[in-house]
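Me: I would like to go through this structure with you. Could we start with the packing and then turn to the aromatic residues?

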Amino acid sequence: MPAHRWPRDSGSTLTSFRDELRRTLVPGGDPAEGPLPPLPPLPPLPPLLIAMTLVTGLVDAFSFLELGHVFVANMTGNVVFLAFALAGARGFSIGASATALAAFWIGTYVGGRLARHFGSHRGIMLSVATRVQSVFLLVAVIISLVSQRPLAAGSRYPLVVVLAVAMGMQNAMANRMGVTGLTTTVLTSAITGAAADAGFLLKNWPSSVRRYLSVVALFLGAVVGAVLVLPVNASISLIVALCLLIGVALVARRASQPDSPWKAA
């Protein structure tokens, strides 16, 4: 059997991959995805959305490990968990899964309204949405800090509601942003797209860089969240997520002056 050979242009392909990675993490002022000079130090949309994907991992780690078998961002998982609960499987709650689904729907509705109102300027939309989302996350942090462990239903359900509303808003906002490969919450399509683009050769890798970064960011957020929830303190995971959100909101607000060149989605 002949030995496997890399494509002749594999060197230039890897260079393109590195260039795309750099442009995603440290963009050069694409007017469609961030401010042009004189604001070069401020990161435009891709790095901010990657930070919000980290938030998703942190928050879902908290919800799954601290609130029982329920997600507040990954609604596909909740649909499956609800089916398990209806079938009588142990460890799954009909009430928790249904509550998360309903609250997430409310969050996406609110986020959609905000997106339509501020949709003419994506920087302003991101700033406003993350500030509102931060308020919900702050409420969750307060509830978590004042609640006794293990959490009773009186604390668990309010946490599910406020967190699912917050993540629903984030999902609606990211969808409105329309940045390819960076949805911040739903990664099934990102993984599918990355695999489909990659094929069997390296030549299509650069087009999937953002999708790979989304998966890595969610994974790292979940790992950090689990480390904080299990041996440290569950509330710390939410506090870290809140700090990231506030940082995104501040950067987006600073970069969203009336003359900013950000384009509408």
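Me: How many residues are in the largest nonpolar core, and which have the most contacts inside it?
Reply: This is a predicted model. Its largest nonpolar core has 47 residues, and those with the most contacts inside it are Val59, Phe62, Leu67, Leu126 and Leu163.

Me: Which helices each supply at least two residues of this core?
Reply: Helix 2 (45–66), helix 4 (94–118), helix 5 (122–146), helix 6 (153–177) and helix 9 (234–254) do. The largest share, 10 residues, comes from helix 6.

Me: And what does Val59 touch?
Reply: Leaving aside residues up to four places away in sequence, Val59 touches Val72, Leu137, Leu163, Met167, Leu238 and Ala241.

Me: Now the aromatics. How many aromatic pairs are there?
Reply: The structure holds six. One of them joins Phe71 and Phe81, which are stacked at 5.5 Å centre to centre with 25° between the planes. Phe71 is in the loop between helix 2 and helix 3 (75–86), whereas Phe81 is in helix 3.

Me: Is Phe81 buried or exposed?
Reply: Phe81 is buried, because its relative accessible area is 11% and the limit is under 20%. Phe81 also forms a tilted pair with Phe92, 5.3 Å centre to centre and 40° between the planes. Phe92 lies in the loop between helix 3 and helix 4, so this pair ties together parts 11 residues apart in sequence.

Me: Which residues form the aromatic cluster?
Reply: Phe64, Phe71, Phe81, Phe84 and Phe92 form one cluster.

Definitions and conventions:
Residues are numbered from 1 along each chain as its sequence is written. This is a predicted model: local features need pLDDT of at least 70, side-chain atom pairs count only at pLDDT 80 or more; totals for chains, interfaces and linings use all residues. Side-chain values use heavy atoms; hydrogens and water are left out. A nonpolar core is a set of buried Ala, Val, Leu, Ile, Met, Phe, Trp, Tyr and Cys residues joined through side-chain atoms within 4.5 Å. Buried means under 20% relative accessible area, exposed over 50%, partly exposed in between (1.4 Å probe, protein chains only). Helices (H or I, at least four residues) and strands (E, at least two) are DSSP runs, numbered from the N terminus. Contact means heavy atoms within 4.5 Å. Rings of Phe, Tyr and Trp (its six-membered ring) pair if their centres lie within 6.5 Å; planes under 30 degrees apart count as stacked, over 60 as edge-to-face and the rest as tilted.
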